[in-house]
Amino acid sequence: MTKQYPNTSWARPTGVVWLLFFVASGLSEVFFRMAGISGISVVSGDGASIASTLATHQDAFHAGFAFSLILIVLYAALMALFYRLLRPVNATVAMAALVLSVIALTVQAFGAVPQAAAFSLATGTSSLQAFSDSQTYGLMLFLFRLYSQAYTVALIFWGPFWLLIAYLVYRSTYFPSWLAVPLALEGLGALTLLWPPLATIFPFAIVGGIAELVFMVWLLVRGVDEQRWQERGGETRSVLFA
């Protein structure tokens, strides 16, 4: 008689949290675009025009900013669930991936500070009396670009993270090994940001989006092989507590 294992891997809840992250990410960018800026690309153009649009659509910016913080929280929860799912394969590698994700999310969270400061300058919440309007707009654009730089640095840390996740998925036996391929490509794509000319050639955003979407759908629809996950988990516990 085949031994029956309960559904304890949290695979589908992980997929649900990932789906909520995608929704929050999409809403954040939609609202930011309504406010005349972007949360995923460099803000450029005429400073006065951007400031005017932001001042007119302050509620849209506040909504986009709120969702940008919510998605960081959701992604942090997702990383913890990833660790739970993949720890049975190799606890050390899973912990290394978790640490990398914490670094990336911390950088991204701190990047929200200059973004908020730029908005304050654009709407007159923070006034710099010693600066002319053109200087204030220039500082505003600088702060928005500082946020973009922080976002790029965070993406670079996701490179080794996804490579480690791809390795764990490939070695897991409770996920199909082919799922590791798009995840590895996403990791390599993120590392191309270390050399901007290469990053302009590699369609990182497209590859990364497809890779995460495929894995998310697999978690929602198929989950994991519960028996193998339990067996690997048992092996891990026996090693850790022997």
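**Cavity, pocket and residues**

Tutor: The largest cavity has a volume of about 50 Å³. This is a predicted model, in which local features need pLDDT of at least 70 and side-chain atom pairs count only at pLDDT 80 or more, while totals for chains, interfaces and linings use all residues. Residues are numbered from 1 along each chain as its sequence is written, and side-chain values use heavy atoms, with hydrogens and water left out.

Student: What counts as a cavity, and what as a pocket?

Tutor: Both are found on a 1 Å grid over the protein atoms alone. A cavity is a set of points where a 1.4 Å probe fits but cannot get out. A pocket is an open set with protein on both sides within 12 Å along at least five of seven lines. Lining residues have an atom within 4 Å of a point. Grid points are joined across faces, edges and corners, and a volume is the space filled by probe spheres set on the points.

Student: How many cavities of 30 Å³ or more does that rule give?

Tutor: The count is 1.

Student: Which residues line the largest cavity?

Tutor: Met79, Phe82, Tyr83, Leu86, Ala94, Ala97, Leu98, Phe161, Ile165 and Leu168. Helix 3, helix 4 and helix 5 each give two or more residues to this lining. Helix 3 has the largest share, with 4 residues. Helices here are DSSP runs (H or I, at least four residues; strands are E, at least two), numbered from the N terminus.

Student: Now the largest pocket. What is its volume?

Tutor: About 990 Å³. Its lining has 38 residues, and Gly39, Ile40, Tyr151, Leu155 and Phe204 are the closest to its centre. Two or more lining residues come from each of helix 1 (11-34), helix 3 (58-86), helix 4 (91-123), helix 5 (133-172) and helix 8 (204-221). Helix 5 supplies the largest share, 9 residues.

Student: And how do the residues of that pocket lining divide?

Tutor: Into 22 nonpolar, 13 polar and 3 charged.

Student: Stepping back, how many helices and strands are in the protein chain?

Tutor: There are 9 helices and 0 strands. Of the 242 residues, 43% are buried. Buried means under 20% relative accessible area, exposed over 50%, and partly exposed in between (1.4 Å probe, protein chains only).

Student: Which share of the contacts joins residues 24 or more positions apart?

Tutor: The share is 79% of the contacts with a separation of 6 or more. A contact means heavy atoms within 4.5 Å.

Student: Where is confidence lowest, and where highest?

Tutor: Lowest in helix 9 (residues 226-240), at a mean of 59, and highest in helix 3, at 94. That is pLDDT, the predictor's confidence in each residue, from 0 to 100. The protein chain has a mean of 85, and 89% of its residues reach 70 or more. Residues 234-242 stay under 50, and the model has 3 contacts beyond four places in sequence for them. Where pLDDT is low, the predicted coordinates should not be read in detail.

Student: On to single residues. What does Leu74 touch?

Tutor: Leaving aside neighbours within four places in sequence, Leu74 is in contact with Val17, Leu20, Phe21 and Ala24. Leu74 sits in helix 3. Its relative accessible area is 18%, so Leu74 is buried.

Student: And is Arg171 buried, exposed or partly exposed, and why?

Tutor: Arg171 counts as partly exposed because its relative accessible area is 44%. Arg171 lies in helix 5. Beyond residues up to four places away in sequence, Arg171 touches Val89 and Arg232. Arg171 and Leu86 are 85 residues apart in sequence, with C-alpha atoms 9.6 Å apart.

Student: What about the phi of Thr173?

Tutor: Positive, about 75 degrees, although Thr173 is not a glycine. Thr173 is in the loop between helix 5 and helix 6 (180-191). Its relative accessibility is 39%, so Thr173 is partly exposed.

Student: Last one. Where is Thr192?

Tutor: In the loop between helix 6 and helix 7 (196-201). Thr192 is buried, at 9% relative accessibility.

Terms used
Ala, Val, Leu, Ile, Met, Phe, Trp, Tyr, Cys and Pro count as nonpolar, Asp, Glu, Lys and Arg as charged, and the others, Gly among them, as polar.
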